[in-house]
2 protein chains.
Amino acid sequence: MMIKKAEILCVGTEILIGDIVNTNAAWLSKELSALGISQYHQAVIGDNSERLAQTVKDTLNNCDLLVMTGGLGPTYDDITKETVASVLGKELVFDREIFDGIKAYFDKRDRTMTENNRKQAYVIEGSKVLKNDMGTAPGILCNTGEKIIILLPGPPSELMPMWKNYARPEIEKYCDKVFVSKNVNIVGMGEAAVASELDEMMKNSVNPTIAPYCKTGETRLRITASAKTKEEAQKMCDDVIEKIKNTKINNYIYGIDTDIAEAVVKELTKRGLKIATAESCTGGLIAKMITDVPGASAVLEGGMISYSNSVKYKALGVSSSLLDRHGPYDHRVAIQMAEGVRRLMDSDVGIGVTGLAGPGGGTAKKPVGLVYIAVCYNKKTEVMKYKFGENQSRDRIRELTAVNAFINTLNILKKGQK
Amino acid sequence: MMIKKAEILCVGTEILIGDIVNTNAAWLSKELSALGISQYHQAVIGDNSERLAQTVKDTLNNCDLLVMTGGLGPTYDDITKETVASVLGKELVFDREIFDGIKAYFDKRDRTMTENNRKQAYVIEGSKVLKNDMGTAPGILCNTGEKIIILLPGPPSELMPMWKNYARPEIEKYCDKVFVSKNVNIVGMGEAAVASELDEMMKNSVNPTIAPYCKTGETRLRITASAKTKEEAQKMCDDVIEKIKNTKINNYIYGIDTDIAEAVVKELTKRGLKIATAESCTGGLIAKMITDVPGASAVLEGGMISYSNSVKYKALGVSSSLLDRHGPYDHRVAIQMAEGVRRLMDSDVGIGVTGLAGPGGGTAKKPVGLVYIAVCYNKKTEVMKYKFGENQSRDRIRELTAVNAFINTLNILKKGQK
C-alpha cells in the first residue's frame, strides 16, 4: 500500500459556527505536502453521528489516508471514535494502560478524574494507540490494509506533537517520495516584480517548482522539490536558490527559511550586539516577536511599553514639552523613545515606535494607521513615517508596524557595518 | 423560499497546501449562525474545474444557500465564476459598468489595467452583482428560485465588507429565525467537571443547547438559542445562564462573552485602576494581550520587558545580590519585578513574571516550564509558582503564563475589594 491521496476531516460544531478558526487543517496540510501526499478536498463537519458516519464512508472512497481531528474529548458530544468504529464494524475496547495514564495525568495535577474521563480510555479494537503527551485523549491509527485512518485530538498543543512523534513516522512507511520546500525571504521587491524577473525560470519549473507569494511587508519565493531522498530534494532546491541569487533579486534577499524577526536576531547575534525596544501602539508585539525566536536572550536586553505619556516622559526621558505641544504621534517622540530605551537599558540598538493603531483616536491630521518608527545604532538614528491606512484593522496596523521596525533595523545594521 | 441550511465552499489550492489559514470560513460561519442558518458541513477544494464542478453539484443537493469564496481573481487559475456558470447552464456576459469600475480603480492608483483584469468584468447572466469596494473582483449572487449561490472574493479585506453591505441584506429576506450564542467563561474548573455538574441539564438541552469546550487555561460553556427575534433568543440564553449560576460552577465564572485579558481590562476600568507589567519569559506577550483590547490605554500605564538581569536590576530595582545568588527564576525576583514596575510607572497594580519558556536552559532543579507570577495591589503582593511541564512548547508555556497572570490579577482585584 502506498499513500498518495489524503483528506483532512475536522470534526466540531465549534468550527462550523465559527468559534474556532481551523488552524489544524492548515498545519496538517503542510505536513502532508512535505510527505508528497496530495489533497484535493478538505471538510469540516459537526458533532452529529449519522452525518459524520456518512461523510467518513464517502471520504474513504476518495483517499488512501483519512486524517480526522477533534471529537476525542470526554463528553457525550465527542463522537469521532465511536462513529469511526461503527463505520469500520469494530468494537471499542477498554485499554488499561491508557486508563492508568489518564489517572496519572490527574494525580500529577492534584485533580480528580471524573467518570466521563474513563470514556477516553476506550480504543477501536485492532488499532494502534497514538500517545498523547500533552493531554488525556489518546489518538488512534486504524490500518484496514487498504486505507489508513488517523484520529487526532482537537487542541493544537496535543495534535501537533502527537502527529510529529507518533503518527507521521507510521505514515512515512507508506510514502515513496519526499518533498522539500525552501522559502527565499525578500524585502523591498514586490511579488509582481519578483515574478517578472524570474518569468522564464518559473515557466519552465516543474521539479522543483517556484512560486512567489506575499507575506506581511515582504515577498517570498517557495521552491519545492520532490525526490527519492530528503538530501536529493534539498540539493535540488539549493541549486535553484543559487540561480535566483545570480539575478538582481539577490540584493533584496534577507534570508532563507527565516522570518524577519529571526533574521534580526541572527544579525544581532552575528555582530554580538544587544537591542532594546520602546513600544507604544504595538504594546509589546515587537518584543514578543523577538522573544518568539529561541535564543533571543542573547540579543534582547529588554523593552519598554510606554503606553501612557507619563511613562514616555518619566521612564524614557521623552521631552514633556514636546509631548504637550505635539502629542505622542510625532517623529521626534519616536526618536527620543529609541534613544531613551537604548540609554536606559544600555544596549547597542534601540527601536522606538509610536502611532495610532485605532480603532478610535484618529483625526484628519493624524489618522488611524499613522506610525513613526525610529531605530538608533552606532551614533545614528533613522526615523520613518508610515500611513498604513484608516481602513486597516488594529491587528493589521500593529503587525505592519512590527514587520517594518524589523526591516528598518536590518537595514541600519547592514549600513552601519564597519 | 426560506434559507435553513447553508454550506461554505472555499476554493483555493493555497488553503489545501496549508499556505493560508481559512479564516474566511470561520468568519462567515459566525455570520450565518447569527442569521439562524444551520451548517452541517464545510469544504475546501483546489483550483481544478472538474472537481470543483462536481463538488458544487453535490453541495447544492444538500443546502439552500451555497457561499463560495476565492477564485475570482484575474489569472488563469481563477475558475470559480466559470465553473458555477457551467454547472447552472448559464453564460458569462460582459458588464460595462464593472469594467469601468475596475479601470477607475487602476487609474486612481496610477497603475495600468492589464488584459487579464478584463476577465473580472464578466458576470453570470441573470445574476446580481455584489459590489467590491475594496478591490477589483466583483461578487455574484445567483438565485435559481430554489437555491441561492453567492460568490465572494478570497481576500478577507474584500470579502467582509462585500458580505456585510451587499450579500447579507439579500439573505436576510429569506430567514425566519435568529440564533444567539453566549459564552460563559470559567476558570479553575475543567471541562469534564463542568460537564458532569451540568449532566442532566445538558442531556435535555435542545433549544437552547449547552456545549462545554476548552480554551487555554479555561473552560467555556456555549449556550445557543433560536427564536423569532433576537431579543427572545437572548432571553432564552440568559435564563439558562441564570440556571448555571445556581450551580457550584458560579464560583468559577469570570465573565460572559469575554476573554481573560478583556475581563482584566474591564475590571480595571470599572475600578478606575492602572496596571503595569514586568515581563521576563513572556517577553511582552502580557502587555500585547492587554493592548489587543481596544480601550486598553485607559488602564495600561506601561510595561517593562526585563529580559536581561541587568535590566531587572537597573530599571526595576530587583536586588542584585538576590539575582547573583539565586538567578532570575525565583519567587522573590517575581515579587520585586511586580513591585518595581508598579513603583517605576506609578500604577495601582503591578504584574511580575519570570521563568523558563525553553526550549533550552532548563536544569533538574529549575526545569523548562517553571514560572513565577507575582501580582501586587493595594499593599499586598501575591506570588504563585507554576510547573507547566518540560514537554510543552515555548509558545504554549508563554501563553499559559500570560493567561495565569490574568487569572491571578482578576483574583487579587476581587479580593482587594473594599
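Across the interface of chain A and chain B there are five salt bridges, each defined as a side-chain nitrogen of Lys or Arg within 4 Å of a carboxyl oxygen of Asp or Glu. One salt bridge joins the side chains of Asp292(A) and Arg398(B), at 2.8 Å from N to O. The model is predicted: local features need pLDDT of at least 70, side-chain atom pairs count only at pLDDT 80 or more, and totals for chains, interfaces and linings use all residues. Residues are numbered from 1 along each chain as its sequence is written, chains are lettered from A in the order in which they are written, and side-chain values use heavy atoms, without hydrogens and water.

**Interface**

- Chain A and chain B bury about 5400 Å² between them, 57% of it on carbon and sulfur atoms; buried area is the accessible area (1.4 Å probe) lost on putting two parts together, summed over both.
- Chain A contributes 69 residues to the contact and chain B 71 residues, contact meaning heavy atoms within 4.5 Å.

**Strand pairing across the chains**

- Strand E2 (residues 38-45) of chain A pairs with strand E2 (residues 38-45) of chain B in the antiparallel sense over five bridges; pairing requires at least two DSSP bridges, and strands are DSSP runs (E, at least two residues) numbered from the N terminus.
- Within E2(B), His41(B) is the bridge partner of Ile45(A).
- Strand E14 (residues 300-305) of chain A and strand E14 (residues 300-305) of chain B also pair in the antiparallel sense, over three bridges.
- Met304(A) stands opposite Met304(B) in E14(B).

How values were computed. Helix = DSSP H or I, 4+ residues; strand = E, 2+ residues; numbered from the N terminus.
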